[in-house]
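This report describes the overall dimensions of a protein chain, its nonpolar core and the setting of one of its helices.

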Amino acid sequence: MEAALDAGADMVGLMFFPKSPRHVSLSKACKLADMARGKAEIVAVTVNMDPDGLSRIRELVNPDMIQFHGSEAPEALAAAKVMQGTKVMKALSVGEREDLERARYYSIVADWILFDAKPPKDSELPGGNGVSYDWTLLKDLDLEKPFLLSGGLDPANVGDAIRQSGVKAVDVSSGVERDKGVKDSERIRAFVAAAKSA
Ligand SMILES: O=C(O)c1ccccc1NCC(=O)[C@H](O)[C@H](O)COP(=O)(O)O
C-alpha cells in the first residue's frame with residue numbers, strides 16, 4: 001500500500017474473495033483503507049457477493065467504490081449503488097470484439113468498466129490470472145463511462161498496452177508480484193511510473 005500511494009496510484013484495490021491469494025481479512029482491509037483514505041480511491045474487489053457481505057464491507061472498510069468481478073447483473077450494481085452509497089465498477093472479461101458489447105448494458109449504472117482478460121479454463125479465479133488479450137480491441141471504443149484495461153500487464157508491457165489501446169487507465173495485480181499473492185514494492189513503483197509516462 002505504501003509503495004502504491006508513494007508512486008501516485010489513483011486507485012488501490014482490496015481483495016474480498018477467499019479463493020484469491022490476495023484475499024485480505026476485514027481487519028487488515030480496515031488498516032490498509034485507513035492508510036489510503038484521501039490519497040487514492042479505495043476499491044473493494046468482490047465476486048458475486050451477497051448484499052449482507054457488501055454491507056459489512058461498507059460499514060467496516062468504507063470503500064469509495066465496489067468492483068464486481070463475477071456474473072453480477074446490472075440490477076445488482078444498481079441496488080448496491082443505492083444501498084451502499086458507493087461508486088460501482090463492473091469487470092467484464094474480453095477475448096474478442098463482441099465481448100465489448102456487454103459494456104453498453106452496464107455503463108447505464110456503472111461508474112467505471114474494467115475490461116479484463118478471460119480467465120484460463122482451469123482457473124479458480126475470475127481475475128488476477130496474468131493473461132492478456134488483444135489490447136487494440138479497445139482502440140477508439142466509445143463508451144459513455146470511463147474504463148480501464150487489465151489482464152497480464154506488468155512494468156515492461158504497460159506502456160505498449162496504453163499506446164496500442166489508447167486507454168487512459170490501467171489496472172494490475174499479478175504483474176507487480178514477486179510470488180503469487182506477494183506484492184513487490186519496486187515492481188509497483190515501476191508499473192505506476194511506466195503507466196503515467198505513457
Ligand atoms: O487478483 C485476484 O486474485 C482476483 C481474484 C478474483 C477476482 C478478481 C481478481 N483481481 C481483480 C483485478 O481487477 C485484477 O487486477 C485483474 O484481474 C488483472 O489481474 P492480472 O492479470 O493478474 O494483472
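Helices and strands are here DSSP runs, a helix (H or I) having at least four residues and a strand (E) at least two, and both are numbered from the N terminus. The model is predicted.

**Overall form**

The protein chain contains 7 helices and 8 strands. Its radius of gyration is 16 Å, close to the 16 Å that the globule rule gives for 198 residues, so the chain is as compact as a globular protein of that length. Along the principal axes, the C-alpha atoms fill a box of roughly 40 × 35 × 35 Å. Of the 198 residues, 39% count as buried. Among contacts with a separation of 6 or more, 54% come from residues 24 or more positions apart.

**Nonpolar core**

The largest nonpolar core comprises 55 residues, and Leu 14, Ile 113 and Val 170 touch the most other members. Leaving aside residues up to four places away in sequence, Leu 14 touches Val 24, Ala 29, Leu 32, Ala 33, Ile 42, Ala 44, Val 45 and Val 61.

**Helix α4**

Helix α4 spans residues 74-84, and its buried residues are Ala 76, Ala 80 and Gln 84. Viewed down the axis of α4, these residues fall within an arc of 40°, so they line one face of the helix. Glu 75 and Val 82, on the other side of α4, are exposed. The elements covering the buried residues include the following.

| Element | Residues |
|---|---|
| α3 | 51-61 |
| β3 | 65-68 |
| β4 | 87-94 |

After α4 comes Gly 85, which has a positive phi, near 70°.

Conventions: Residues numbered from 1 in each chain as written. Predicted model: local features only at pLDDT ≥ 70, side-chain atom pairs only at ≥ 80, totals over all residues. Core = buried A, V, L, I, M, F, W, Y, C linked by C-beta atoms within 7 Å. Buried ≥ 20, exposed ≤ 12 C-beta atoms within 10 Å, placed from the backbone. Contact = placed C-beta atoms within 7 Å. Arc of directions from axis to C-beta. Rg over C-alpha atoms; globule rule 2.2 N^0.38 Å.
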